[in-house]
Amino acid sequence: MTRIEFQNMAMQIRPVIVRRAAKLLEDNDEAEDVAQDTLLKMWSMRDSLDAYVSAESLAMVISRNRCIDIIRLRRNGKIPVNEADHLISEDNEADRRVIASDYSESVNSILSSLPESQQVIMRMRHFEGMENAEIASLIGSSESSVRTSLSRARKRIKEMFINSRPYDD
């Protein structure tokens, strides 16, 4: 891949990377960093990018993995200095974060118990922010099938989540 081809590709996929990373990380600055890291990694792989079916899909995988790394660092207490001040706040804010983390872990556990195809579709839709048409084209299916799978997965997650929380109001 030539430098100009890479630049054109990067200009097209960078906004998508930033948008999806911002959804996952809830931080626009970190999303920009993820996009930069992703494009740097892809630049280092530029000679072999033609071997991949879709450079955009590869970019989404790389950026998602980078976001997961950042989220894990946050959870393990290895938070960058600029974020530490944000976490030191009122007690009720800390409580809300713990509860949100608990619910998030429950949903992730439930999600991992779904059939693989439903897991993939749910992650693409809700974690990566993809539209149904985009998912359908990537997995070679119809929009109707994607909607049906999403509906079934959401219903199953809701049932399992409610059943796993008998102590909640």
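Trainee: Which residues in H6 meet which in H7?

Mentor: Contact means heavy atoms within 4.5 Å, and helices (H or I, at least four residues) are DSSP runs numbered from the N terminus. In this predicted model, Ile121, Met124 and Arg125 of H6 meet Asn132, Ile135, Leu138 and Ile139 of H7.

Mentor: As to sources, residues are numbered from 1 along each chain as its sequence is written. Local features need pLDDT of at least 70 and side-chain atom pairs pLDDT 80 or more, totals for chains, interfaces and linings use all residues, and side-chain values use heavy atoms, without hydrogens and water.

Trainee: At what angle do H6 and H7 pack?

Mentor: Axes are lines fitted to C-alpha atoms over the stretch in contact, with angles from 0 to 180 degrees between N-to-C directions. Helix H6 (residues 116-127) and helix H7 (residues 132-139) pack at about 140°, their axes 10 Å apart.

Trainee: How many aromatic pairs does the structure hold?

Mentor: Rings of Phe, Tyr and Trp (its six-membered ring) pair if their centres lie within 6.5 Å, and planes under 30 degrees apart count as stacked, over 60 as edge-to-face and the rest as tilted. The structure holds one such pair: the rings of Phe6 and Trp43 have centres 5.0 Å apart and planes at 70°, so the pair is edge-to-face. Phe6 lies in helix H1 (residues 3-25) and Trp43 in helix H2 (residues 28-44), so the pair ties together parts 37 residues apart in sequence.

Technical notes
Helix = DSSP H or I, 4+ residues; strand = E, 2+ residues; numbered from the N terminus.
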